[in-house]
Amino acid sequence: MLSTQPYLIRAIHEWILDNEFTPYLLVNAKNDYVQVPRQFVEDGKIVLNIAPRAVNDLEISNDHIHFNARFDGKSMEVGIPIAAVLAIHAKENGQGMVFSEEDWDPEPPANGKKSPHL
């Protein structure tokens, strides 16, 4: 059975944008398959703004989230396995969804390879 997490992330992302708020992701940066700017990781977590004005080529698939963004003026490709997403919420009012740490998938993908986007 497919996980509900990517579907919920996409739905909440759309709801946040429809309300003209800013979608933020809280990510478990300790996951080996997370590709984020490490200088912004605090306590093993990172918060990322995924608003259309902040990222390019956002893709939220059933397996990962991928986009390009600028950090300290440098372009970077960001890759996040869905299992590493701890929460998605609106910056302005905090509404969104938190995912249980038990939902984390510490195992690598079934084929043992990183996503082509990561």
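These are my notebook entries on a predicted model of one protein chain.

**Entry 1: the chain as a whole**

I began with the inventory. The secondary structure comes to one helix and seven strands. I read the order from the N terminus as α-β-β-β-β-β-β-β. Next I checked burial: of the 118 residues, 39% count as buried. I then looked up the accessible surface, which comes to about 7,200 Å². Carbon and sulfur atoms hold 49% of that surface. Last, I took the contacts between residues at least 6 apart in sequence, and 55% of these join residues at least 24 apart.

**Entry 2: the four-stranded sheet**

Which strands form the open sheet, and in what order? I found four, in the order E2-E1-E6-E7, with antiparallel pairing. Strand E2 (45-49) and strand E7 (96-98) are the edges, each pairing on one side only.

I then went to one pair in detail. Strand E6 (residues 85-90) is joined to E7 by three bridges, and the two run antiparallel. Within this pair I noted Ile88, whose bridge partner in E7 is Met97. Helix H1 (residues 5-18) packs on this sheet, and I listed its contacts as strand E1 (23-28), E6 and E7. The direction of H1 makes about 20° with that of E6.

**Entry 3: helix H1**

I tested the length of H1 against expectation. At 1.5 Å a residue, its 14 residues should span 20 Å. The end C-alpha atoms are 20 Å apart, so the two agree.

Which residues of H1 are buried? I wrote down Gln5, Pro6, Ile9, Ile12, His13 and Ile16. Seen down the axis of H1, these buried residues fall within an arc of 130°, so they line one face of the helix.

The side of H1 turned away from the buried one carries the exposed residues Glu14 and Asp18. What covers the buried residues of H1? The cover includes E1, strand E3 (55-60), strand E4 (64-71), E6 and E7.

I stopped at Glu20, in the loop between H1 and E1. Its phi is positive, about 60°, although Glu20 is not a glycine. Is Glu20 buried or exposed? At 74% relative accessibility, Glu20 counts as exposed. The cut-off for that class is over 50%.

**Entry 4: Leu26 in strand E1**

I picked Leu26, which lies in strand E1. Its relative accessible area is 23%, so I logged Leu26 as partly exposed. Buried would mean under 20%. I listed what Leu26 touches, leaving out residues up to four places away in sequence. One set is Lys45, Ile46 and Val47, and another is Ala84, Val85, Leu86 and Ala87. I also looked up a distance: Leu26 and Asn49 are 23 residues apart in sequence and 9.2 Å apart in space, C-alpha to C-alpha.

I turned to strand E4 and its partners. E3 and E4 run antiparallel and are joined by four bridges. They form a hairpin with three residues between them. In this pair I noted Ile60, which has Ile65 in E4 as its bridge partner.

On to the next pair. E4 and strand E5 (residues 74-81) pair in the antiparallel sense over eight bridges. Here I found His64 opposite Pro81 in E5. E4 and E5 also form a hairpin, with two residues between them.

How many of the eight residues of E4 are buried? I counted six, so E4 is largely enclosed by the rest of the structure.

Conventions: Residues numbered from 1 in each chain as written. Predicted model: local features only at pLDDT ≥ 70, side-chain atom pairs only at ≥ 80, totals over all residues. Heavy atoms only, no water. Pairing = 2+ DSSP bridges. Contact = heavy atoms within 4.5 Å. Axes fitted to C-alpha atoms, helices over the stretch in contact; angles between N-to-C directions. Buried < 20%, exposed > 50% of the residue type's maximum accessible area, 1.4 Å probe, protein only. Areas by Shrake-Rupley, 256 points an atom, 1.4 Å probe, with all protein chains shown as cover. Expected span 1.5 Å × (residues − 1). Arc of directions from axis to C-beta.
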